[in-house]
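Dear colleague,

Please find below the structure that I am handing over to you.

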Amino acid sequence: MSHIRPPADGPLGTSRPVEDAPATAPRAVRPAQVVAAPSAGGAVRALAVVGLLMLGALVPLLGPGLALDGTGEAVSPAARPVGVLRTVLFAALCVQAGELWVARMVPAVRGAPAGLLPRAWSAAAACCGLVAAVALSAIVANGNVPPRGWSELRFGELYGTGDGVLALLEINAFAVAWLLARSRRPGFAALPLAVLVVAEAVRAHPEIETPLIGSALTLVHLTCGALWAGGLLQVLRVLRLWQGHGLREQGAALLARYARAAAWLFAAVTVTGTVSTLRRMPPDTVLEQLATTGYGRTLLAKLLLLAVVAALALRARRRAVAAGDPGAVFAPGRAEVASLGLVVAVSALLTALPVPIRW
């Protein structure tokens, strides 16, 4: 007895046997593209990042009064302008150092496209740093008092003091870095930036005894901090650009390279900062001074912010590994960058407060 197959409907409603149908491969049905609406969580994170940046801008303005309130220490007339200007100076250093470092890191990533980098910010950062350095030198030349008019601008006095010579070095370093950033060899800007870091390290330690130890600690601390903050900012910019070109594997490799180096940079910042603190505060008075001096309170705020940054960094790396996508670091990464910006502002404020010196 023969088996009768049921007919299949034809294209116009007619029926024909299955065996007569042409053998065609089934077409893949494309899923409908769903455009995700902005989530409330994303808006909250964006507002949090903006809030952190605004807080960072207010730190050098309101910080001296808050830090010194009730300590019996007087607020220097130059504390607020110096805090603002050093925040700009340190931020400019971070941006340039990060771009130079990541530019050297990218060629080591297998399959990374040559020259596919976001638009450089180094020239603009160097220009901002130059303006801040000139303004700081005007304060130094006027006896560490902000000039109140053109008649109090005494730049000729810079050549007569050690702080004045260091201020001139910083001006020249930013000027040369700006020129090199606009040249065909922007990588050479690392040389004037190194001079800038050395000048800052020497300026921060006018001790009579063992100044080289303090300067060496600050040199390592400032270099590692600038690479850590500036490197993260530039890595996130590169990842966003590469994500648009479908370079997820290369982005993951770049992020892994930065994460390994950032762990060592964080360790160096922690160790050098701890040793520098113990040099300025006797071990048996550290806890007391953290609560009763403006410098100690600001330092405590910096330590807490660094702990927050470390937690955000761990969260970002775990999210990237769990999702298998380096783009998962963008949300916590932006918060980490904003928190590091706050750390930069607090660090600048430390340079404008009375220091409990211990030689």
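How many residues does helix 6 have, and how far does helix 6 reach from its first C-alpha to its last? Helix 6 has 34 residues, and its end-to-end reach is 50 Å. That is close to the 50 Å expected at 1.5 Å a residue. Please bear in mind throughout that this is a predicted model. Just after helix 6, Gly 246 takes a positive phi of about 70 degrees.

Salt bridges

The structure holds three salt bridges. In one of them, the side chains of Arg 86 and Glu 200 meet, at 2.7 Å from N to O. Arg 86 lies in helix 2 (residues 79-105) and Glu 200 in helix 5 (residues 190-203), so this pair ties together parts that are 114 residues apart in sequence. Arg 86 counts as buried at 7% relative accessibility, and Glu 200 counts as buried at 3%.

Glu 200 also forms a salt bridge with Arg 203, with the closest N and O atoms 3.2 Å apart. Glu 200 and Arg 203 are three residues apart in helix 5, and are therefore separated by about one helical turn. Arg 203 has a relative accessible area of 19% and is buried; the cut-off for that class is under 20%. Through shared partners, the salt bridges join Arg 86, Glu 200 and Arg 203 into one network.

A further salt bridge brings together the side chains of Arg 237 and Glu 99, at 3.5 Å from N to O. This pair links distant parts of the chain, with Arg 237 in helix 6 (residues 211-244) and Glu 99 in helix 2, 138 residues apart. Arg 237 is buried, with a relative accessible area of 16%, and Glu 99 is buried at 9% relative accessibility.

The surroundings of Arg 86

Which residues are in contact with Arg 86, leaving aside its neighbours within four places in sequence? They are Leu 136, Glu 170, Glu 200, Arg 203, Ala 348 and Thr 351. For Ala 348, the separation from Arg 86 is 262 residues in sequence, while in space the two are 5.2 Å apart, C-alpha to C-alpha.

Nonpolar cores

In soluble globular proteins, nonpolar side chains tend to be buried together. Here, the largest nonpolar core has 64 residues. Those with the most contacts inside this core are Leu 89, Leu 93, Trp 228, Trp 242, Leu 254 and Tyr 258. At least two residues of the core come from each of helix 2, helix 3 (122-141), helix 4 (162-181), helix 5, helix 6, helix 7 (248-280), helix 9 (294-323) and helix 10 (330-350). Helix 2 gives the most, with 13 residues.

Not counting residues up to four places away in sequence, Trp 228 touches Tyr 258, Ala 262, Leu 265, Phe 266, Leu 306, Val 309, Glu 336 and Leu 340. There is also a second, separate core of six residues, which includes Leu 290, Tyr 295, Leu 299 and Leu 350.

A backbone angle in a loop

Most residues other than glycine have a negative phi. Asn 144 has a positive value, with phi near 60 degrees. Asn 144 is placed in the loop between helix 3 and helix 4, and is partly exposed, with a relative accessible area of 45%.

Cysteines

How many disulfides does a search of the whole structure find? The search finds zero. A disulfide is a covalent bond between the sulfur atoms of two cysteines. For Cys 128, the closest cysteine sulfur is that of Cys 127, and the distance of 5.9 Å is too far for a bond, because a disulfide requires the two sulfur atoms to be within 2.5 Å. Cys 128 is partly exposed, with a relative accessible area of 43%. Cys 94, by contrast, is buried, with a relative accessible area of 10%.

With kind regards

Technical notes: Residues are numbered from 1 along each chain as its sequence is written. This is a predicted model: local features need pLDDT of at least 70, side-chain atom pairs count only at pLDDT 80 or more; totals for chains, interfaces and linings use all residues. Side-chain values use heavy atoms; hydrogens and water are left out. A salt bridge is a side-chain nitrogen of Lys or Arg within 4 Å of a carboxyl oxygen of Asp or Glu. Helices (H or I, at least four residues) and strands (E, at least two) are DSSP runs, numbered from the N terminus. Buried means under 20% relative accessible area, exposed over 50%, partly exposed in between (1.4 Å probe, protein chains only). A nonpolar core is a set of buried Ala, Val, Leu, Ile, Met, Phe, Trp, Tyr and Cys residues joined through side-chain atoms within 4.5 Å. Contact means heavy atoms within 4.5 Å. The expected span of a helix is 1.5 Å times one less than its number of residues.
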